[in-house]
Amino acid sequence: MYSHEDLSRLQGQSLRMQGWIRRQTFSPDHEKTLRRFSSWEVSELIFRINQSTFRGKLAADPNLPLGEVQDDGRQRWFSLDEINELRRRIRISRKSLMPPRPKGKRAIRAAIANFKGGAGKSTVALHFAHAAALDGYRVLAVDFDPQATLSHSMGLNDVGEDHTVWGIMARDLERETDRMNTAAEGAESGTALPRRKLPASIRDMGLGALRPGDFIKPTAWSTIDIVPSCANAAFVEFASAQYRHLNPEWTFFAAVSRFLDSLPDDAYDLILFDCPPAIGYQSMNAVFAADMLYIPSGPGYWEYDSTTSFIGQLAEALGDLSHGFENFPTGKIALPKAFADIRFLMTRFEPSNELHQAMLGAFRQVFGERMTEHPIELTRAVEQSGRFLSSIYEIDYREMTRGTWRRARATFDRAYEEFRGNLIAAWDKLEATE
């Protein structure tokens, strides 16, 4: 027979192994650091110009960042901050290297969501965040998943549950309850509204006094911040049910959206959500706050079946929200909930596998233009990046053959380029804030 004490002992063993893995993966001080990028990568893969043009720009302006020469002495290597300074200052044929951003609009929000665990949600979110940062965008990642894979991959390990999505929801409950209590009488009837009371156990947490920035943490990437998650945040589903009972009029599903509304519209360009493999309080907050929904799925029949169930249950849940909350404020996103775009993305695809090809054809037949053109292929380098809590963009190509690294990067580059095109089209549909 096994009790909670045995489970605690097993967790202790696992935590010791987890610490060893982090020491092998991150720097000796247990902090994740971002590598430098070679002049070849910067010119051809990031700026999309040939190396001779890039070298000519550096030679013409000695005030530009010149990077550093490493041991081999053949190339210069640049930090992300240096890359972004070069992007701001260099023009090619009088054209800026800055990425497109619709003028006068807030950051666009994209949710990576599905039922199925192992569909690649965290992998997609991690790679899209890193690709967008290399593209020149400022990114805020929000980790809704208590498994915290995205947070760990971003180098966030010691996170308290107060500073996760759960803390944002508890803070929103307190603030929304206080806002409701300040209304002396009903807007239409003129009758006094009942005061809603919260127990001291919630008030005493002090979350209501936290600022938005208290939930946002920096990462090893200077242009990527994250609202992290942690394993202890798993109880948010139970706590949220209790919170709804305490204040039935609280629009719980809009808590994260209101939090994001409080950030300056130009603080970030892209806000990316990594959702848990379930439809619950956290995932409903993610999809409600999102302008765009990306649904990854593996190439198996059961994953197709799970995706079908997911969109059905999500449709039902969003339909339920359209009734009974019409007169309650939900921030910059209105009811009934509508997305600027919805896309399906196949992951772990093997082009030589006939079953995978057949399933990709089935997805395209069912979802039509909603199905992305470029699936994410399964390669050895992709598998290795997952094992070491890194994206392919973080792995130095000198650690493997350049061909292997290029194939893995190419599959994410194609998927990201398509994502960016869909993102910009969806961005244009948002209302201007100026």
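Student: How many of the residues of α2 are buried?
Tutor: This is a predicted model. In it, helix α2 spans residues 39–46. The helix is mostly covered, and of its 8 residues the buried ones number 7.

Student: Which residues of α2 are the buried ones?
Tutor: Buried here means under 20% relative accessible area. In α2 that holds for Ser39, Trp40, Glu41, Val42, Ser43, Leu45 and Ile46.

Student: What covers the buried residues of α2?
Tutor: Both strands and helices take part. The strands include β1 and β3. The helices include α3 (51–60), α4 (80–89), α5 (121–134) and α15.

Student: At what angle do the axes of α2 and α15 cross?
Tutor: Two packed helices are described by the angle between their axes and the distance between the axes. Helix α15 covers residues 402–427, and its axis comes within 14 Å of that of α2. The crossing is right-handed. Its angle is roughly 35 degrees.

Student: Which residues of α15 does α2 meet?
Tutor: Start on the α2 side: Trp40, Glu41, Leu45 and Ile46 make the contact. Their counterparts in α15 are Arg402, Trp405, Arg406 and Arg409.

Student: Which residue with positive phi follows α2?
Tutor: Look just past the helix. The phi there is near 60 degrees. The residue is Arg48.

Student: In what order do β1, β2 and β3 form their open sheet?
Tutor: The pairing is antiparallel. The edge strands are β1 (37–38) and β2 (68–69), each pairing on one side only. Strand β3 (residues 76–78) pairs with β1 over 2 bridges. The order is β1-β3-β2.

Student: Which residue in β3 stands opposite Ser38?
Tutor: β1 and β3 pair in the antiparallel sense. Across from Ser38 stands Trp77.

Student: How many bridges join β6 to β10, and how many join β6 to β11?
Tutor: Both pairings run parallel. With β10 (residues 270–274), Ile108 has Leu270 as its bridge partner. With β11 (residues 292–297), Ile112 has Tyr294. The number is 5 for β10 and 3 for β11.

Student: Why does Ser240 count as buried?
Tutor: Ser240 is found in helix α9 (residues 236–246). The cut-off for buried is under 20% relative accessible area. Ser240 counts as buried because its relative accessibility is 1%.

Student: What separation do the C-alpha atoms of Ser240 and Met169 have?
Tutor: Leaving aside neighbours within four places in sequence, Ser240 is in contact with Met169, Trp250 and Tyr281. Met169 and Ser240 are 71 residues apart along the chain. Their C-alpha atoms are separated by 7.9 Å.

Student: How many disulfides does a search of the whole structure find?
Tutor: Cys230 is buried at 7% relative accessibility. Cys275 is buried at 1%. The number of disulfides found is 0.

How values were computed:
Residues numbered from 1 in each chain as written. Predicted model: local features only at pLDDT ≥ 70, side-chain atom pairs only at ≥ 80, totals over all residues. Heavy atoms only, no water. Disulfide = S-S within 2.5 Å. Buried < 20%, exposed > 50% of the residue type's maximum accessible area, 1.4 Å probe, protein only. Pairing = 2+ DSSP bridges. Helix = DSSP H or I, 4+ residues; strand = E, 2+ residues; numbered from the N terminus. Contact = heavy atoms within 4.5 Å. Axes fitted to C-alpha atoms, helices over the stretch in contact; angles between N-to-C directions. Left-handed = near helix turned anticlockwise from the far one by under 90°.
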